[in-house]
Amino acid sequence: MGIARERVARPRLGEAGLLIPILLFVLLFALVPVALLFGGGWVNGGGAVGLYDTVWREATNRASLYNSLEQGALSALVAFGVGYPAGIFLARYAFPGRTAARSFLLLPFLLPTVVVVVGILDLFGPGGTISSAVPTLAWFGEGVPGIVLANLVFNVPLVVLYTALGCESASGDLEETSRTLGASPARVYRDVWAGPSLIGAAVGVVLTFVFAALAFASPLMICGPRCYTLEAQVYALSSTFLEPTAASLLALAAVLILLVPIVVYVLLASRLRERGSRGPIRPQKLSRSGWIGPAFAIEASLVFAGIAIVLFTVLARSLWPAPGGAFGAGWSDLVSSRTTATLGIPIGNVIVNTFGFAVFAAAATFVLVLLAAFALRHRPRWEGSVSTYLFLPLLVSPVLLAFSLAEFWRPLLGGESTVWVLIGVSQAILALPFALQSVQVPLSGLSTAPSEAAQSLGASRWTAFWDADIPRIRNGIVTAGLFAFAIGLGEFTATYFLYTPPFTTLSVAVYTLQRERFSDATAGAAALLLVVSLAVFAIVLGMGRSRERAHA
Amino acid sequence: MPEVLLRIDRLEAVVDRLPVLHGIDLELGEGEFLALMGPNGSGKTTLLRCIAGLEWPSAGRIVLAGRDVTDLPANRRGISLLLSEAALFPNRTVLENVAYAPLVQRRSEAEAREIAAEALAAVRLEGFEGRPGYALSMGERQRVALARAIAARPRVILLDEPFAAIDPEVRGELRGDFRRALASRGISSIHVTHDREEGLFLGDRVAVMLEGRIRSLGSPAELLADPRSAAVARFLGFNVLPEGGGVVAVDPADTEFVDAAPDRFSAQMLAAGTVGRESVGIARGESGERIEARAALDHPWPAAGSTIGVRWTRTRRVASE
């Protein structure tokens, strides 16, 4: 007599189908529009010859290439000089408030670029707090020095954090063993942790170069056309000079040029990830570190103080706009009729728009990331290729994204009333890689045992995921949504490219008011954006803390 | 005891604001092998790190060969440390790893090679010179780590659970080889372990550390004959049972599980099974103490859950806590 055999439940392809929404989203709103834009530019612009002519023969375009390389290189160099010692201090020394300092360094990731630029101008620009007291320092409020300074506020924390990660990937056991074998501190540095710390710093430096070479708000607000980067020049060609073919060829050139540092970044970052953490490094006490520890401490304190001063200035300027000005003028001027006339809509509507787009970006990202998490949980072998695909939007700069969306989707959607869709979508696309990472990290270390136990007790895969996995990655998913929300709140470049007055956001308002030299209202709008961003940052931080407690 | 090489006076240490060591006094003789035993969290590793110069004591002194080294940095103490993780330089060959200390000490390359080759021979790793560290087994890595420590020509080698990550079969062989290599060079060693069999096997003397204090110190035979306190007795595997208003330490081999009777110490049988070449029964006393008895493999144990009487023959009087 034959025995009836039950079919063994295998992972079904249907679950992987939940990846389709996120894959389609990236395909339709990033990859296809960009490919068509490049294709159109290539065909209409005369192929390789046209590309060469656009980038090299046209003086302003060539200048923007130089500017990108110059600003990128200078920012990267100074960020390394300033960030490397601070990163070493953070990783290797024990001091009160070490965890808080580390969290503080994440803040610039969520800061709107326009807010930082306004802060730099408040300090070093015409009538700035510092430039008024020491006129020679006004040098930092204009031209390339001002742009580099603004870039540093964002990027020095990157170098600090990656240097610290590099230091921590060195083997604490090997270091201690070397010391007991007679190696001096300098020798231990050379033999044990110089390499890993420099790999970490290099990751931050390469990212700094890429971000600075593609900076948009700082050249626009601090210097003007003579300092335009490739990113700003693409914007000028497409929106001001109405030369879409030249703009698309220049954007293609930018992607090709920056492909090299991006590949270097990916290689260095994967090397850093492979190293992981090799045994805990026990932070040294400052009191036992001779002169070098205090020297690092002073340098790191200056870095933290510098970032804090920029942010504090933005808040202070909104309350005390100018010497002799009325207290709180920055805030009261926001609701004035002059501000409404300049922006085209009342500030209340601007706030509603800002939150509306941020919520849209957060909701879209949240749903897509949740579905992707479920699918990848049951198809872990796909994770590598899916991640690579979903991180492709990192190669697409905000201007390029907005430009391609406008060229491809605006005619299809028709009318200016649908611009809001494109703004929301662009913000979601820009947030997606970061949001995905905040889910992938907790997901990758998650034990399958609770989910398998739930299934063995009769739960379906979805129920098991919901009951056993979601509670353990809940903070990661919420952080992903909050990340998207925060990025949407402060996003300037793509939004500025796409917006029409009824869809003005706070970051666009800051730039518009600054351009029109409404300094009080600019200060108020920047401060408002900063306060909201700080609140979101505080929530993200709280989530992280509770996740750490849960793991402990 | 041979002439004192290392003396530790009233050493105290605080880690993460918690006091971990409480007035440790300890001496290590020339060429002596001291096993420092204790359960996890008893402060053994902190003591070792203080001696190595990797942790700073909050009070007390460390004197090496008559010289106060308490404030000396780790690289100038002449004390090598070996961890459970071999911590080899991953991008260097075995020879380069072992020659590291001589080169740091500014010896010529030829001299460093000679010292390294000699140290490798001491740990029976001739022929491994050109291999990269990652191509070695765990046991081989630990041998390289010991050779590297020996090549530094230290006065003292500290071993912090060096066999913790090694397979049991290889572990036995390594214990013998380590002991022989260190003894033949007359190097004094402190070997930290929470494995009591390992500590009792290796140590010329054995120190038992509990809650940041050295609670017992002596040769393995002395310690087993007189564990001194109930806590040390428990750590050494004795049953601690009440007798005559005090407590006594009883070897599980001298303990018997019998029928319950009103005049007998009673307990509840928990489980029985085979450990090594013996049969082991485990019961719980009325006050919750764990009682172990050992017998021949074919010994018939009472049923689990039944109430039994406990009888013992040989005892050692110990101080209760």
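Analyst: Strand 11 (residues 239-243) of chain B and strand 12 of chain B are joined by five bridges and run antiparallel. This is a predicted model. Asn239(B) in this pairing faces Val250(B) of strand 12. The two strands make a hairpin, with two residues between them. Gly244(B) sits in that turn, and its phi is positive, about 55°.

Strand 12 spans residues 246-250 of chain B. How many of its five residues are buried? Four of the five are, so the strand is mostly covered. The cut-off behind that word is a relative accessible area under 20%.

Strand 12 has another antiparallel partner in chain B. That partner is strand 18 (residues 316-318), joined to strand 12 by three bridges. Here Ala249(B) stands opposite Arg316(B). Strand 12 therefore pairs with strand 11 and with strand 18, since two bridges are enough for strands to count as paired. As a rule, side chains in a regular strand alternate between the two faces of the sheet.

Next, the five-stranded sheet of chain B. Its strands come in the order 13-17-14-15-16, the sheet is open, and the pairing is antiparallel. Which strands stand at the edges? Strand 13 (255-259) and strand 16 (290-295) do. Each has a single partner strand, so one side of each lacks a neighbour in the sheet. From one strand to the next, the twist averages 45°.

Inside this sheet, strand 14 (residues 265-275) and strand 17 (residues 307-312) of chain B run antiparallel and share four bridges. One contact can be named: Ser266(B) has Gly309(B) of strand 17 as its bridge partner.

Another loop in chain B deserves a check on its backbone. Glu211(B) lies between strand 9 (205-210) and strand 10 (213-218). Its phi is positive, about 50°, although Glu211(B) is not a glycine. Is this residue buried or exposed? Glu211(B) is exposed, at 60% relative accessibility. The cut-off for exposed is over 50%.

Now the whole of chain B. The chain holds nine helices and 18 strands. Of its 321 residues, 51% are buried. Along the principal axes, its C-alpha atoms fill a box of roughly 80 × 45 × 35 Å.

Leu242(A) has a positive phi, near 50°, and is a residue other than glycine. Its place is the loop between helix 13 (230-240) and helix 14 (244-275) of chain A. Leu242(A) is exposed, at 62% relative accessibility.

Helix 13 of chain A also contains Ala232(A). Ala232(A) is buried, at 0% relative accessibility. Its C-alpha atom is 7.9 Å from that of Val399(A), a residue 167 positions away along the chain.

Helix 2 (residues 20-45) of chain A is worth a stop too; Leu27(A) is found there. Leu27(A) is partly exposed, with a relative accessible area of 33%. Together with Ile20(A), Leu24(A) and Leu28(A), Leu27(A) makes a nonpolar surface patch of about 310 Å². Patch members must have over 30% relative accessible area, so 33% lets Leu27(A) qualify on that count.

Phe25(A) is buried, with 13% relative accessible area. Phe29(A) is buried as well, with 16%.

Phe492(A) and Tyr496(A) form a stacked pair, at 5.2 Å centre to centre and 20° between the planes. Why stacked? Planes under 30 degrees apart count as stacked, and here the angle is 20°. Phe492(A) is buried at 1% relative accessibility. Tyr496(A) is buried too, with a relative accessible area of 8%. Both belong to a cluster linked by ring pairs, which also takes in Phe216(A), Tyr235(A), Phe403(A), Phe497(A), Tyr499(A) and Tyr511(A).

Definitions and conventions
Residues are numbered from 1 along each chain as its sequence is written. Chains are lettered from A and ligands numbered from 1 in the order in which they are written. This is a predicted model: local features need pLDDT of at least 70, side-chain atom pairs count only at pLDDT 80 or more; totals for chains, interfaces and linings use all residues. Side-chain values use heavy atoms; hydrogens and water are left out. Buried means under 20% relative accessible area, exposed over 50%, partly exposed in between (1.4 Å probe, protein chains only). Axes are lines fitted to C-alpha atoms, for helices over the stretch in contact, and angles run from 0 to 180 degrees between N-to-C directions. Patches are made of residues with over 30% relative accessible area and no salt bridge: like charges are joined within 9 Å, nonpolar side chains (Val, Leu, Ile, Met, Phe, Trp, Tyr) within 5 Å. Accessible areas come from the Shrake-Rupley method with a 1.4 Å probe; for residues, only the protein chains shown count as cover. A salt bridge is a side-chain nitrogen of Lys or Arg within 4 Å of a carboxyl oxygen of Asp or Glu. Rings of Phe, Tyr and Trp (its six-membered ring) pair if their centres lie within 6.5 Å; planes under 30 degrees apart count as stacked, over 60 as edge-to-face and the rest as tilted.
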